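Please keep the sequence and the structure in view while reading.

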Amino acid sequence: DLQDQPIWLPYQTRRGCPLKCSYCSTPAIEGTLLRKRDPARVVGSLGEYVAAGFERFFFVDNVFNLPLAYAKRICRQILKRGLKIKWRCILQPWKVDEELVKMMALAGCQDVSLGFESGSARVIKAMNKRYTPEDVRHICRLLEKYGIHVMGFLLLGGPGEDRHTVMESLVFADSLPVASMRITVGIRIYPYTPLAEQAVKDGTIAADDDLLFPRFYIRDDLKQWALETVKDWITGRPTWLM
């Protein structure tokens with residue numbers, strides 16, 4: 001019954017993202033310059049919601065741990081004010097250290113969405129990411145150590161993807177201490193992104209295509225195989241979704 005489901009109040013502490021991941025629309029929407037609210041004001045505002053009866057929050061910042069020092073200041077303020085809250089956030093598996101994870105746990109973090117997207121170093125690099133599969137493994141172990149549940153994400157089908165890298169990603173994700181996995185076959189093409197430029201070069205889309213109507217990047221010869229492979233893979237893994 002949806003009426004019995006807890007309410008997780010969305011809350012944003014900063015806007016903008018300088019990371020420029022190949023497929024992501026955030027820089028085009030919010031800009032590449034980070035604009036951060038003062039942590040004391042953030043937590044003061046959270047306190048008002050707590051006083052009104054809310055106790056669960058979802059930090060919807062595109063990347064909670066960017067910058068790392070700012071994320072730690074948010075946690076310190078929550079602890080300083082003694083807010084008894086439960087919260088979730090989105091982490092990039094880059095610039096995460098044990099001090100941050102410990103502070104997050106003490107400050108009430110229960111769940112993390114970890115978009116590591118691939119288990120292939122080659123595909124991760126093609127996405128213009130700055131981490132490695134071993135970084136992902138290390139961060140997952142830290143989160144497990146401090147009792148924070150992880151929902152992992154894979155984005156399959158981007159430039160450089162092939163059958164080998166798809167299997168590499170599935171095997172890699174299966175080896176991680178994560179509570180659940182969400183797998184997407186085909187990557188949504190958003191305007192003004194490097195992926196959109198690549199899709200035009202490849203002939204996947206035309207330069208004047210209206211991308212408000214969803215278009216997805218994946219090779220024709222890979223799509224059906226990947227869909228069938230992922231469907232077979234998640235059978236018997238009830239916490240894996242696609």
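## Backbone positions that stand out

Lys-20 sits in the loop between β2 (14-15) and α1 (26-30), and in this predicted model Lys-20 has a positive phi of about 60° although it is not a glycine. A second case is Glu-117, a residue other than glycine whose phi is positive and near 70°. Glu-117 belongs to strand β6 (residues 109-117), and because its relative accessibility is 8%, Glu-117 counts as buried. As background, most residues other than glycine have a negative phi, and most peptide bonds are trans. The peptide bond that joins Leu-66 and Pro-67 is cis, with omega at about -10°, and Pro-67 is placed in the loop between β4 and α3.

## Two pairs of packed helices

Two packed helices are described by the angle between their axes and the distance between the axes. The table gives these two values for two pairs.

| Helix pair | Angle between axes | Distance between axes |
|---|---|---|
| α7 (residues 163-174) and α9 (residues 220-234) | about 20° | 11 Å |
| α2 (residues 39-51) and α3 | roughly 45° | within 9 Å |

For the pair α7 and α9, the angle of about 20° makes α7 roughly parallel to α9, because angles under 35 degrees count as roughly parallel. The crossing in which α7 passes α9 is right-handed. On the α7 side the residues of this contact are Arg-163, Val-166, Met-167, Leu-170, Val-171 and Asp-174, and they meet Asp-221, Leu-222, Trp-225, Thr-229 and Trp-233 in α9. Sorted by class, the residues where α7 and α9 touch are 7 nonpolar, 1 polar and 3 charged.

For the pair α2 and α3, the angle of roughly 45° makes α2 oblique to α3. Here too the crossing is described as right-handed, with α2 passing α3. The α2 residues Pro-39, Ala-40, Val-42, Val-43 and Gly-44 meet Tyr-70, Arg-73, Ile-74, Gln-77, Ile-78 and Arg-81 in α3, and this contact divides into 7 nonpolar, 2 polar and 2 charged residues.

Ser-45 also lies in helix α2, and with a relative accessible area of 16% it is buried, because buried means under 20%. Not counting residues up to four places away in sequence, Ser-45 touches Tyr-11 and Arg-37.

## The nonpolar core and a loop residue

In soluble globular proteins, nonpolar side chains tend to be buried together. In this model the largest nonpolar core has 74 residues, and those with the most contacts inside it are Phe-64, Trp-87, Cys-89, Met-104, Val-112, Leu-114 and Phe-116. Helix α9 gives the most to this core, with 6 residues. When its neighbours within four places in sequence are left aside, Phe-64 is in contact with residues including Arg-14, Phe-59, Ala-71, Trp-87, Cys-89 and Met-104.

Is Asn-62 buried, partly exposed or exposed? Asn-62 lies in the loop between β4 (56-59) and α3 (68-81), and because its relative accessibility is 28%, Asn-62 counts as partly exposed. Leaving aside its neighbours within four places in sequence, Asn-62 is in contact with Cys-17, Thr-26 and Ile-90. Asn-62 and Arg-14 are 48 residues apart in sequence, while their C-alpha atoms are 8.4 Å apart in space.

Key. Residues numbered from 1 in each chain as written. Predicted model: local features only at pLDDT ≥ 70, side-chain atom pairs only at ≥ 80, totals over all residues. Heavy atoms only, no water. Axes fitted to C-alpha atoms, helices over the stretch in contact; angles between N-to-C directions. Helix = DSSP H or I, 4+ residues; strand = E, 2+ residues; numbered from the N terminus. Parallel < 35°, antiparallel > 145°, perpendicular 65-115°, else oblique. Left-handed = near helix turned anticlockwise from the far one by under 90°. Contact = heavy atoms within 4.5 Å. Nonpolar A, V, L, I, M, F, W, Y, C, P; charged D, E, K, R; others polar. Core = buried A, V, L, I, M, F, W, Y, C linked by side-chain atoms within 4.5 Å. Buried < 20%, exposed > 50% of the residue type's maximum accessible area, 1.4 Å probe, protein only.
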